[in-house]
Every structure is written in structure tokens, then in C-alpha cells.
Amino acid sequence: MGTRLGELVERLGGQLVGDPNLEVIGIAPLTDAGVSHISFLSNSKLRAQALHSQAAALIVAAADDEFIAAGYAGARIVTPNPYVYFARAAQFFAAQHAHVAPAGIHPAASVDAMATVDASASVGARAVVEAGAVVGPGAVIGAGCYVGRDAVIGEGTELFANVTFHARCQIGARGIIHSGAVIGTDGFGFANEGGVYIKIPQTGRVMIGDDVDIGANTTIDRGALADTVIEDGVKLDNQIQIGHNCHIGAHTAMAGCVGVAGSAKIGKYCTFGGAAMVLGHLTIADRVHISSGSMVSRSILEPGQYTGFYPLAKNAEWEKSAAIVRNLASMREKLRALEKTIKTLTTQDTK
């Protein structure tokens with residue numbers, strides 16, 4: 001069964017132009033949408049493509065609506081941010097078909113008698129929940145997960161299959177941790193004595209707030225003494241490394257393969273493009289945006305967009321540029337000497 005457009009707008013808001021009784025079964029891209037789908041236009045460059053879409057309805061901004069209305073026969077939902085509306089609509093349709101994990105503990109799971117698992121929570125096959133752990137209402141512990149002693153999994157949080165959540169770490173409500181992620185590994189802490197490394201016990205925790213998403217195979221190290229902290233609303237993509245004692249501010253987002261070294265403090269509402277790197281013990285202010293592949297080697301105390309890499313070039317051109325950079329110091333000295341010579345000659349000429 002489909003969903004009436006009128007019902008969708010009642011739930012999500014927006015201004016509906018068209019038949020409220022028109023039924024749609026889901027959301028799809030402009031080029032793939034059929035007569036039973038809705039689609040969205042979030043980039044004005046795709047206006048022409050939107051006009052030719054077969055979608056039953058389009059989600060559009062007011063700035064695009066006048067253009068679309070002139071040549072599009074379907075219904076329209078006008079909203080200030082079509083991309084956000086698309087996200088919420090996609091959540092709505094996905095929820096209609098989502099598998100709901102059954103409450104209870106699978107017979108093949110191992111739950112210590114000293115653990116606390118809410119009756120509405122779900123613990124999958126071959127999952128392990130150690131003594132003192134707390135699994136909150138509606139939480140889902142997927143098959144093969146490990147929840148260490150005294151760990152806390154908040155209400156409605158889901159650990160997909162094969163997540164490792166080590167002892168004493170905590171995550172708040174409505175979190176998502178994807179398969180292969182490891183929370184609470186030892187931080188990389190060693191003292192060097194005559195070339196021999198002496199391990200420093202990592203006795204802190206990882207403290208994760210509400211509404212945090214953590215991607216597949218991402219690792220977050222526990223603190224050495226104090227805690228590693230991930231605040232509310234943080235979004236971490238796949239294969240990210242967060243070092244020990246880091247502090248990631250609320251609603252910061254990091255794309256795949258970002259690496260953050262230990263004790264870095266990152267502010268709120270920051271973004272990091274894929275493969276960006278942050279050195280340890282640095283401070284990054286709120287609302288800082290780091291481009292993909294950039295290396296952050298100093299603290300950033302003002303908001304803004306920062307980029308730290310050479311533009312891509314053919315290898316031969318890159319080698320020439322690198323050679324010039326290596327010789328900049330000697331070139332500077334030669335220029336200074338030449339400036340002094342010119343100044344001396346000019347002075348002599350004026351006498």
C-alpha cells in the first residue's frame with residue numbers, strides 16, 4: 001500500500017501543490033522515479049532534468065518552484081530545504097519496510113547473570129554481554145557483538161553485527177554503530193626507555209552521546225587516564241581512527257578514512273572531508289571545515305574552510321614543483337642578496 005501525499009505533508013510539513021490523495025510508495029532519484037514515487041530537486045542545475053522526471057511529485061525549494069510549475073504536470077511539495085525533506089521522507093518510507101529485531105535474548109547469546117538487559121531490548125545470536133553491562137530499552141545488540149563489563153548501551157541504540165564495545169564505555173540514546181567498529185581499544189600510549197617501549201595502561205573510557213552514528217570498521221580508542229569524548233549528534237563514516245583522549249564536539253561530521261591523533265580537541269559543527277588528518281594535542285574551533293586529504297598540523301582557532309594539499313598534477317609536473325619548493329630557501333637568500341646589490345647601485349647612482 002502507498003502513502004497519501006497529504007499524509008506525508010501532515011507528518012513532515014511543507015506546502016503541497018496538487019492532489020493530497022495521490023498515493024506514492026517511496027522516494028527515488030529524478031532519473032529513476034516512476035509514477036508511484038516522489039523525488040526531489042536540491043540543485044537548481046538539475047531543473048531541466050526535473051521537468052522530465054516521471055515522478056508523481058517533486059520536493060522543491062520556493063526558488064525553483066516557479067520554474068518547475070511551468071512545465072511539470074505532477075504534484076509539488078515546496079519546502080525551504082528539499083534535501084533535508086528528502087532525508088526525512090526517506091526515513092519514513094524506510095521505517096515502513098524495516099525489519100524490527102524481536103525483543104529478548106537469543107538462545108545462542110551469552111549474557112552474564114550480572115548484566116542488565118531491558119525486556120524490550122534485543123540480543124542476537126552469539127552476542128556476548130559481560131557482567132555489569134547495561135542494555136537499555138529498545139536497544140539492539142546484533143549477532144556476534146561483544147559488550148564488555150560495565151558498558152552502557154543507551155535506549156534505542158543499535159549495534160549491527162560484530163561490533164566490539166569494550167568495558168566501561170558508554171553510548172547514549174538512538175545511536176548506530178555499524179559492523180566491525182571497535183569502541184574502547186587501548187590508545188597508542190608508550191614511554192621510551194633506551195629504545196625500548198614501555199606500555200602505558202589505558203584506563204579511561206569512551207563516552208559517546210545521543211544520536212551518534214559510527215561507521216563500519218571505525219575505531220575509537222579509550223583514554224589513557226581521562227576519557228575520550230564523542231558529543232551528541234556526531235557522525236563518523238567508515239574506517240575512521242579516533243585516538244585516545246580526543247574530544248569531538250557536538251554535530252561534527254567526518255567522512256571516511258579520517259584520522260585524529262590522540263588528545264586533539266575538535267569543536268562543534270565541524271566537517272572533515274575524506275582522508276583528512278589531524279595531529280595530536282591540537283585544538284580546532286567550532287564550525288571549522290577541513291577539505292578532503294588535508295593535513296591539520298597546527299591548531300585552528302577561527303571558523304572557516306581550510307585546505308592543506310597541492311592540487312593534483314601529472315607526476316613530472318609535480319616533481320618539478322617539489323624541486324622548486326625544496327630550493328625556496330636558497331632562492332630567497334639569492335633574492336635578498338640581489339635586492340641589496342640593486343639598493344647599493346641605486347644609492348651610488350643618486351650621489
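Start by selecting Arg-76: at 10% relative accessibility, this residue counts as buried, because the cut-off for buried is under 20%. Keep in mind as you click around that you're looking at a predicted model.

Stay on Arg-76 for a moment. Colour by secondary structure and you'll find this arginine in strand S7, which covers residues 75-78. Now show the side chain of Asp-65 too: the side chains of Arg-76 and Asp-65 make a polar contact at 2.4 Å. Want to see who else is around? Leaving out residues up to four places away in sequence, Arg-76 touches several others, including Gln-15, Leu-16, Val-17 and Leu-58.

Next stop: the rings. How many aromatic pairs does a search of the whole structure find? There are six. Select Phe-188 and Phe-190 for one of them: the ring centres are 5.2 Å apart and the planes sit at 70°, so this pair is edge-to-face. Phe-188 counts as exposed, at 72% relative accessibility, while Phe-190, at 38%, counts as partly exposed.

Tyr-197 is exposed, with a relative accessible area of 59%.

Now jump to Phe-40, Tyr-83 and Phe-86, and show their side chains together: ring pairs link these three into a cluster.

Last stop: select Arg-287 and Tyr-269. What sits over the ring of Tyr-269? The charged end of Arg-287 does, 4.4 Å from the ring centre.

Key
Residues numbered from 1 in each chain as written. Predicted model: local features only at pLDDT ≥ 70, side-chain atom pairs only at ≥ 80, totals over all residues. Heavy atoms only, no water. Helix = DSSP H or I, 4+ residues; strand = E, 2+ residues; numbered from the N terminus. Buried < 20%, exposed > 50% of the residue type's maximum accessible area, 1.4 Å probe, protein only. Polar contact = N/O pair within 3.5 Å; in protein donor to acceptor, adjacent residues only side chain to side chain. Contact = heavy atoms within 4.5 Å. Phe/Tyr/Trp six-rings, centres within 6.5 Å; stacked < 30°, edge-to-face > 60°. Lys NZ or Arg CZ within 6 Å of the ring centre and 35° of its normal.
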